[in-house]
Amino acid sequence: MTLYLVVAAGAVVAGFVQGLSGFAFGLVAMSFWVWVLEPQLAAVLTVFGGLLGQLIAAFSVRRGFRLRQLLPFVLGGLAGIPIGVGLLPLIDTHTFKLVLGTFLLIWCPTMLLIQHIPKISVGGRIADALAGLGGGVMGGLGGFTGVVPTLWCLLRGFPRDEQRAIIQNFNLAMLAVIMLTYLGTGLVTRDTLPLLAIVAPAMLIPTFLGTRLYLGISDQRFRQIVLGLLTLSGLTMLSSALARMLG
């Protein structure tokens, strides 16, 4: 019973965050699920939930995109997915907590301070493709497709709606490919289906509510709250992993 409640709670919170921000389903959900699920199972649920959330957002928060601008991200992401999927079975629970916790402690404060960092204008499409590559690797590992591209778009200084268009369409494409890859490699088993059946209904309404609030809430304030909570989650996961490894 506790397992199902934690899975549902993670889906509710992560769905709302993704609906509002356009990304971060994996980070938010994994901060709940890493405590009760093995990394491979948590990754499948994360990719499934993230994909479902992006499909809802695609219909609820429609943002046009420029294919020429999006293409380098997508091509880089497609190259990175097999790397992440290949690494996934090699990572145990405590290592996963250590890596994810460390990443959250680095990435989240960086995002909070990003407004004070000079915008990057060099690198062009190659740099965009490398950001997509990072997103693909992170996506294959656990559905975190939007983390690296989102940070890169902020460093580029893209406007809010332009950034959302890139991330939303990038995530949709990557998560669809990753889910098909998981299905093809046998990571989605019969034992996974009951949990998928919990994630889907739990996240639907929160995701939709998040998309409705997107235009009405202060993006800066929301980002500060979410990143602050994620930083705390990262610290907790890192402390737990270190205590287990050292003990």
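I take buried to mean under 20% relative accessible area, and I apply that cut-off throughout to what is a predicted model.

**Entry 1, helix 1.** I listed the residues of helix 1 that are buried, and found Val6, Val7, Gly10, Ala11, Ala14, Gly15, Val17, Gln18, Gly19, Leu20 and Ser21. I then checked the length of the helix: at 1.5 Å a residue its 20 residues should span 28 Å, and because the end C-alpha atoms are 28 Å apart, the two figures agree. Just past the end of helix 1, I noted that Gly22 takes a positive phi of about 90°.

I turned next to helix 4, residues 67–87, where the 21 residues reach 30 Å from the first C-alpha to the last, close to the 30 Å expected at 1.5 Å a residue. Where does the kink in helix 4 lie? I found it at Gly80, shortly before the proline Pro82, with a value of about 30°. Gly80 is itself on the list of buried residues in helix 4, which also holds Gln69, Leu70, Pro72, Phe73, Val74, Gly76, Gly77, Ile81, Gly84 and Val85. Looking for the partners of these buried residues, I found that they pack against helix 6 (124–142), helix 7 (147–156) and helix 8 (160–185).

I looked up Pro118, which is found in the loop between helix 5 (93–113) and helix 6. Is Pro118 buried or exposed? Its relative accessible area is 64%, and since exposed means over 50%, Pro118 counts as exposed. I also took the separation of Pro118 from Arg160, which comes to 42 residues in sequence and 17 Å in space, C-alpha to C-alpha.

The largest cavity holds about 80 Å³ of space, and of the 15 residues that line it, Ala24, Phe25, Gly26, Gly143 and Thr145 are the closest to its centre. Helix 2, helix 3 (39–60) and helix 8 are the elements that each give two or more residues to this lining, with the largest share, three residues, coming from helix 2. Sorted by class, the lining of the largest cavity has seven nonpolar residues, eight polar and no charged.

For the second largest cavity I noted about 30 Å³ of space.

Lastly I examined the second largest pocket, whose volume is about 160 Å³. It is lined by 11 residues, and those nearest its centre are Val13, Val28, Phe32, Leu229 and Leu230. The elements giving two or more residues to that lining are helix 1 (2–21), helix 2 (25–33) and helix 10 (219–246). Which helix gives the most to the lining of the second largest pocket? I found that helix 10 does, with six residues. The class count for this pocket is nine nonpolar, two polar and no charged.

Note on methods:
Residues numbered from 1 in each chain as written. Predicted model: local features only at pLDDT ≥ 70, side-chain atom pairs only at ≥ 80, totals over all residues. Heavy atoms only, no water. 1 Å grid on protein atoms, 1.4 Å probe; cavity = no way out; pocket = protein on both sides within 12 Å on 5 of 7 lines; lining within 4 Å. Points joined across faces, edges and corners; volume = space filled by probe spheres on them. Helix = DSSP H or I, 4+ residues; strand = E, 2+ residues; numbered from the N terminus. Nonpolar A, V, L, I, M, F, W, Y, C, P; charged D, E, K, R; others polar. Expected span 1.5 Å × (residues − 1). Bend = angle between axes of the 7 residues up to and from the residue. Buried < 20%, exposed > 50% of the residue type's maximum accessible area, 1.4 Å probe, protein only. Contact = heavy atoms within 4.5 Å.
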